[in-house]
Amino acid sequence: MPQHTIKQLADLLAGGKSSSVELCQDYLARIANLNPSLNAFITVDADKTLAEARTADALRASGQAGPLTGVPVAHKDIFCAEGWLTTCGSRMLSNFVSPYDAHVISRFKAAGMPCLGKTNMDEFAMGSSNETSFYGPVKNPWDTGRVPGGSSGGSAACVAAGLAPGATATDTGGSIRQPAALCGVTGLKPTYGVVSRYGMIAFASSLDQGGPMANTAEDCALLLNVMAGFDGRDSTSLERDSEDYTRDLAKPLAGLRIGLPKEFFGEGLGGETRQAVEAAIEQFKKLGATTVEVGLPNSGLSVAAYYVIAPAEASSNLSRFDGVRYGYRTPEYGDLTDMYEKTRAEGFGAEVKRRIMIGTYVLSHGYYDAYYIQAQRLRRLIANDFAEAYRQCDIILGPTSPTTAFKLGEKADDPVQMYLSDIYTIAVNLAGLPGMSLPCGYDGQGLPIGLQLIGDYFSEARMLNVAHQYQLATDWHTRTPSL
Amino acid sequence: MSLTPEDVGRIARLARIRVAGDEAAQYQNQLNGIFDLIAEMQAVDTTGVAPMAHARDVFQRLRADEVTETDRREAYQAVAPQTEAGLYLVPKVIE
């Protein structure tokens, strides 16, 4: 089956050339064929998917179809979906069939878009390679000996491999953009607060944000139209008028001012990635953009600040997993403390435990000011850098990841090396800005290279416009792995 | 700074995570590696910089004091490890 964009599938459905049931059957067959080698899905339930597809077809038959009704998508297993096993990549939730829908899931249901399955991910979204999943690593469709990135590795791999035309994902420190880069797909992390976190299992609540992954920027815009919107059940959801994120796609780029942060083009950037990003800059100049060097002098501290703030919030959020109300409970225990300690020792994997312990330490008596408050002060400096840069430019451009996909196991035993995979993405989460990644080339081994765009607050429509115009002029995003 | 084995034990107890004797050294090693990474932020002078707790300046939204949730106790307790008569069961904590 050739890979179709969401736009193409929507046109097929609107023109009566295909039904949702037929589309879902095609994708389910491809999943059955390829998922055993890619491990991109944790849960597939054909009966549920096809029931949702029949509902979508009935909606269309009765003249009530919306623009994407009948187009199926995959959901990251961090989103609670009623009646679906929702594991968050963890043994802790290996028996958790969600009794309710996340806001994002209810939005897709309301749009009549069937769920193709729940995608694999790093445990509780903590990882950059998908190797911390209790359900085993996802394999990169471009080279199954390599990682897909993380934490949304399953979502990225399933879009790259044509197992779904689009997928939901989440990004706390780069978990949409880095796997999108490593798998050669397009992904967008919106401004913090644009997509509701209700029912999205929490990792670091001041940083977590849901967003779409797809083959094109245009598809990401269509998916964001579904996902975004105010939700009173998330106290940080923003009350804003709804937007059509496709509205600016066709605008020419003449006069666009692109900021190039010198810190993103330093020693740590690999040669082939640098060349591909520089070629993309030349392409944007041809499209009428100008460039200006900007400085993000505190961005080098973002990884350090992030590994205080994110674990601190995680240690608090993950205290809810205690073996009492849901999820795993150790089979044998004595008193209550024994039950808690064994349940959490057995239910969480090593990376999650490391981060809970870091967070516990930095929040503990005597260390709070030196670590947690200091990290929050740095967060302010990092956010101020961006505000200063946007006085000179409309959008910031750079690499998404310092390298292309690395080998399975290469960094699995070295947490610090793994953390540095997100060196270009983390500052964006700390500031709460929107960021996206799109393919801009391939290295000598045929592995995709990602280009990162960072916008000012609420500039998603402009970013999608910039990415769409680039994709009209280039064909990197149309390449598919041979599987 | 460097964590001692005693520090690791104390953190694990606070976090309610059992760490077996043979795991403690590995955690100590890995956590120290992570704290070495974090340490670079200690050198920055942040005098006068207001801590930023949140990505956006947020305020607490209020809503009308009215019932918004329906009773879904059975559905929520169906996923609990152990319940009885609508209650969550845990080991005895009061003698």
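Biologist: What do the buried residues of α1(B) pack against?

Modeller: In this predicted model, they pack against α11 (350-362) of chain A together with α2 (21-39) of chain B.

Biologist: Which residues of α1(B) are called buried, and what makes them so?

Modeller: In helix α1 (residues 5-14) of chain B, they are B:V8, B:I11 and B:A12. The word applies because a buried residue has 20 or more other C-beta atoms within 10 Å of its own.

Biologist: How do you know which side of α1(B) they sit on?

Modeller: Look at the arc around the axis: they cover only 100 degrees, so they lie on the same side of α1(B). Helices work like this in general: there are 3.6 residues a turn in an α-helix, so residues three or four places apart point the same way.

Biologist: And what follows α1(B)?

Modeller: That's B:R16, with a positive phi, near 55 degrees.

Biologist: What makes the length of α9(A) agree with its number of residues?

Modeller: Helix α9 (residues 302-317) of chain A has 16 residues, and at 1.5 Å a residue they should span 22 Å. The end C-alpha atoms are 22 Å apart, so the two agree.

Biologist: Is α9(A) mostly covered or mostly uncovered?

Modeller: Mostly covered: 14 of its 16 residues are buried.

Methods:
Residues numbered from 1 in each chain as written. Chains lettered and ligands numbered in written order. Predicted model: local features only at pLDDT ≥ 70, side-chain atom pairs only at ≥ 80, totals over all residues. Buried ≥ 20, exposed ≤ 12 C-beta atoms within 10 Å, placed from the backbone. Helix = DSSP H or I, 4+ residues; strand = E, 2+ residues; numbered from the N terminus. Arc of directions from axis to C-beta. Contact = placed C-beta atoms within 7 Å. Expected span 1.5 Å × (residues − 1).
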